[in-house]
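Here is a short briefing on a two-chain complex. Keep the sequence and the 3D view open while you read.

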Amino acid sequence: MKLSDLHGGAAFPSTRSRSSRARRTKTHLVSAFCVVAMMLGFVTLPMAGSVSGASTKTTITYWFWGESDIPGITKWMQQRIATYEAANPGVKVDLVPQSNTTIIPSFTLAAQSKTGPDLDTQWATLPTILPALGGAVTPISNYVSKADTSHWLNTNENTYQGKIYAMPLYMIGVPLVFNKKLFKEAGLAPVAPATWAEFLADCKALKAKGITPIGMGNKDGYFGAWMFAIYEKQMLNSISQLTEGVAGKGNDETKLMASLKSMYTSFQGLIKSGYVNSNVESLTLDQGWQLFPEGKAAMSFTTDGNVLSWAKTVGEANVGVGKPPILGKGALASAYDVTQSSDEFITSWSKNPKADAKFLEWLHEPVNMIALNKETGAFPADNQFPVSDITDPLARALDTLDTSGTSIWLENYIPPQIDSDADLPAGQLITSGSGTPAAAVALWQQQLSLWRTQQPTQFKQFSTWAAAS
Amino acid sequence: MSSMDATTPLQELFDKEDQTAPDTRSVWRRHQLWPYGYMAPVLVALGLVFGYSFVEVVRYSFYAGSVGQLTYVGTANYKELFADPQFTHSMFNNFKLLATVPIVTGASLALALIINTTFRGVRHYRAIVFLPYILPATAMGLSFSYLLQGNGVLDGLLRSLHMSFLIHDWLGSPSWVIFSIGGVIVWQQFGIGVVVFSAALLSVPGETVEAARIDGASWWVVQRRILIPQIRRIIEFFVILQAIIVLSSVFTYVYVLTGGGPAYSSSVMEFFIYQNGFENGSIGIASAAAVVLLAIASVFIAFYIWVRVRATKQAA
């Protein structure tokens with residue numbers, strides 16, 4: 001039986017055939033139309049881009065970070081951008097705020113594809129210099145005159161072979177902040193402990209009174225990284241002891257590992273004695289810091305910006321600051337922990353480096369630097385900033401610390417991969433109680449070895465930089 | 001029409017059409033090629049998205065360095081991978097999380113069987129159970145961070161119930177953290193399990209259950225002997241799917257809850273890949289880890305295919 005028979009008639013097949021053919025033709029036409037439309041779409045897509053690109057406005061995409069260092073800096077930057085755009089109608093600055101967990105990975109990805117920001121914020125020294133040596137950063141000194149860069153502070157942190165790669169915006173010191181009221185409650189004199197022994201004695205007295213001596217957070221690993229930056233530095237005689245150890249030169253690595261072990265042993269002592277909040281491992285650095293303004297911890301290691309912000313909550317009369325207590329016996333033990341922290345640079349793929357540089361340069365104009373200090377309390381990284389403007393006694397005390405001598409932030413001098421894969425987790429081994437100082441050192445060695453084999457080009461660039469610096 | 005007929009009516013119709021066409025061969029060709037034409041865009045997209053990516057991942061796994069600075073290292077990445085305690089620990093964590101699969105399956109199946117009986121508010125109840133599944137990962141991460149952190153909500157509750165011996169830093173303790181993450185996975189995946197099993201149970205013919213009841217089968221016997229065997233295929237599918245999810249889609253849980261810490265104790269293979277590939281730009285070792293992850297996931301996929309083929313054969 002044929003299909004046509006089911007429909008009762010010889011005439012049906014030809015009708016059916018015609019209708020079927022017509023339907024197929026229609027389908028073919030629709031399909032062809034879709035394909036042509038799709039192709040047209042692909043072809044015209046770049047043209048659409050070029051049309052918008054033909055606009056006379058210069059757009060600067062700015063990946064910016066700073067809020068964790070200086071509360072309120074994002075708002076200041078937004079205000080500056082609004083002022084700049086009003087004064088320069090041909091320029092539009094797109095601000096893309098970053099977080100401290102995305103600042104490195106986002107730029108690593110952008111640098112691989114050479115797309116993304118025109119201006120980027122990065123942590124100073126190696127997180128800036130290594131991408132620069134990889135061809136991702138345009139030296140800012142190519143576009144800003146020496147007369148202007150001479151006003152910038154701490155440019156040495158980002159200078160290599162005579163070129164300044166990035167612009168500093170502010171300076172932060174990392175003091176030990178303490179709550180005078182809680183110190184008095186524990187029967188202590190309201191002065192900052194100067195030595196490690198005094199520090200431990202203060203912690204003991206505070207703990208005996210049921211007060212948490214130190215409030216920090218290490219879920220993100222930054223408390224450990226800060227202990228490395230502050231206390232490993234105190235073990236060293238020079239920064240090259242660190243960089244040559246990282247480069248694996250001779251027995252420098254062995255010496256570095258020995259000093260690391262000593263530092264981690266002291267760190268472990270704080271944790272084992274219960275001098276740090278018990279939930280340190282489940283709070284991020286930002287969250288752990290909040291214990292201080294909440295009056296739940298008597299001391300903390302923090303930034304100038306946070307001290308000034310917390311003083312508003314705790315009461316300025318109750319807040320004292322001092323240099324972190326001295327533990328090490330290296331020549332750098334007395335150096336204070338000051339850095340520009342983050343810096344601003346022009347990416348190598350930016351289409352308007354001149355416009356980018358002009359905007360960055362403008363941020364350093366005295367009126368903007370004064371506004372930065374007024375609105376956030378941060379100390380601008382510019383020697384034109386009138387220090388006499390700082391009238392607040394606490395801010396003056398911080399500024400005195402920041403400008404008291406040699407300034408080093410040791411974390412800036414290790415490659416970002418070593419920072420994230422060795423420095424941060426090694427500290428977590430200590431704060432979580434899951435590892436010994438020896439295990440922390442073993443982690444450093446393993447990650448250093450992995451980095452040298454996994455990033456041969458970067459390792460070579462680092463070694464060259466370390467030898468030249 | 002005999003079943004032994006060589007040609008079908010439809011074929012005859014096409015034959016007839018072909019005879020009327022001016023160039024039979026070209027029309028035939030057109031009939032054969034057009035379906036491929038329709039499929040072509042999808043095939044090209046799949047080829048670009050999956051095929052090209054797969055080839056590139058395998059290729060990159062033989063290189064060290066970042067994109068633009070690659071150095072050929074042969075199989076060194078694979079050797080380094082298995083010598084790296086961070087990777088082996090991450091892999092082991094994935095295997096530990098497989099323990100959530102029977103828990104999710106068992107619990108969601110049990111609840112689906114219970115709420116299969118129509119009672120007042122059953123729809124709302126299903127919706128509530130499903131709610132965690134549609135919650136954004138960031139919201140979930142934030143909530144559970146507060147809930148599980150040392151001296152957090154859970155510890156406070158335990159303290160108020162005089163159960164201080166159970167207090168832990170659930171996310172900060174290396175020995176507890178992976179179980180805490182497992183708990184969150186169970187909490188979130190439970191909802192989808194209930195929905196899948198409830199839908200499967202609704203498709204079971206009511207007459208079968210009715211007949212069993214008439215024969216005097218108890219509620220338990222109906223569940224065990226009638227309903228569960230009838231949705232067996234769905235259960236098998238769900239188990240394999242969950243196993244694959246736990247192996248290759250738990251990054252979000254780890255990232256938002258612990259960031260892989262403390263000291264890599266909650267790292268999983270995906271997190272290892274993210275950290276090396278995205279944070280460090282070490283594309284080679286990340287690709288080698290991705291190949292290993294794919295190989296492990298393929299074992300589960302192959303097992304699922306084998307189960308399906310065996311089931312089809314048994315049915316035939």
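The points below cover confidence, each chain, and the contact between the chains.

This is a predicted model. The predictor assigns the complex an ipTM of 0.77 and a pTM of 0.81. Chain A has 469 residues, 48% of them buried. Chain B has 316 residues, and 32% of them count as buried.

**Confidence**

- The mean pLDDT of chain B is 87. In that chain, 90% of the residues score at least 70.
- Residues 1-6 of chain B have pLDDT below 50. Beyond near neighbours in sequence, this stretch has one contact in the model.
- Where pLDDT is low, predicted coordinates should not be read in detail.

**Chain A: overall make-up**

- Chain A holds 19 helices and 15 strands.
- Take the contacts in chain A between residues at least 6 apart in sequence. Of these, 77% join residues at least 24 apart.
- Two domains are assigned in chain A. Domain 1 covers 58-172 + 340-400, and domain 2 covers 175-336 + 410-468.

**Chain A: where the domains meet**

- The C-alpha centres of domain 1 and domain 2 of chain A are 26 Å apart.
- The contact between these domains involves 27 residues of domain 1 of chain A and 24 residues of domain 2 of chain A.
- On the domain 1 side, the elements that give two or more residues are α5 (126-133) and α16 (393-402) of chain A.
- α5(A) supplies the largest share of that side, five residues.
- By class, the domain 1 side has 18 nonpolar, seven polar and two charged residues.

**Chain A: a three-stranded sheet**

- Three strands of chain A form an open sheet in the order β13-β8-β15. The pairing is antiparallel.
- β13 (338-339) and β15 (379-380) of chain A are the edge strands. Each of them pairs on one side only.
- Strand β8 (residues 170-173) of chain A pairs with β15(A) over two bridges, in the antiparallel sense.
- Y170(A) has P380(A) of β15(A) as its bridge partner.

**Contact between chains A and B**

- Chain A brings 35 residues to the contact, and chain B brings 38 residues.
- On the chain A side, the elements that give two or more residues are α2 (11-53), α4 (103-113), α17 (416-431), α18 (437-454) and α19 (456-468) of chain A.
- The largest share of the chain A side comes from α17(A), with six residues.

**Chain B: overall make-up**

- Chain B holds 15 helices and two strands.
- Take the contacts in chain B between residues at least 6 apart in sequence. Here 68% join residues at least 24 apart.
- Chain B is divided into domain 1 (9-60) and domain 2 (77-315).
- The C-alpha centres of domain 1 and domain 2 of chain B are separated by 40 Å.

**Chain B: helix α5**

- Helix α5 of chain B spans residues 100-114, which makes 15 residues.
- From first C-alpha to last, α5(B) reaches 21 Å. That is close to the 21 Å expected at 1.5 Å a residue.
- The buried residues of α5(B) are T100(B), V101(B), V104(B), T105(B), S108(B), L109(B), A112(B) and L113(B).
- Elements covering these buried residues include α4 (85-97), α9 (177-202), α11 (219-230) and α12 (232-248) of chain B.

**Chain B: N77(B)**

- N77(B) sits in helix α3 (residues 76-83) of chain B.
- Why does N77(B) count as buried? The reason is its 24 C-beta neighbours inside 10 Å; the cut-off for buried is 20 or more.
- Leaving out residues up to four places away in sequence, N77(B) touches S61(B), F62(B), A64(B), G284(B), I285(B) and A288(B).
- A64(B) is 13 residues from N77(B) in sequence. In space the two are 7.6 Å apart, C-alpha to C-alpha.

Key:
Residues are numbered from 1 along each chain as its sequence is written. Chains are lettered from A and ligands numbered from 1 in the order in which they are written. This is a predicted model: local features need pLDDT of at least 70, side-chain atom pairs count only at pLDDT 80 or more; totals for chains, interfaces and linings use all residues. Two strands pair if DSSP finds at least two bridges between them. Helices (H or I, at least four residues) and strands (E, at least two) are DSSP runs, numbered from the N terminus. A residue is buried if 20 or more other C-beta atoms lie within 10 Å of its own, exposed if 12 or fewer, and partly exposed in between; C-beta atoms are placed from the backbone. Two residues are in contact if their C-beta atoms, placed from the backbone, lie within 7 Å. Domain bounds come from an automatic or database domain assignment. The expected span of a helix is 1.5 Å times one less than its number of residues. pLDDT is the predictor's confidence in each residue, from 0 to 100. Ala, Val, Leu, Ile, Met, Phe, Trp, Tyr, Cys and Pro count as nonpolar, Asp, Glu, Lys and Arg as charged, and the others, Gly among them, as polar.
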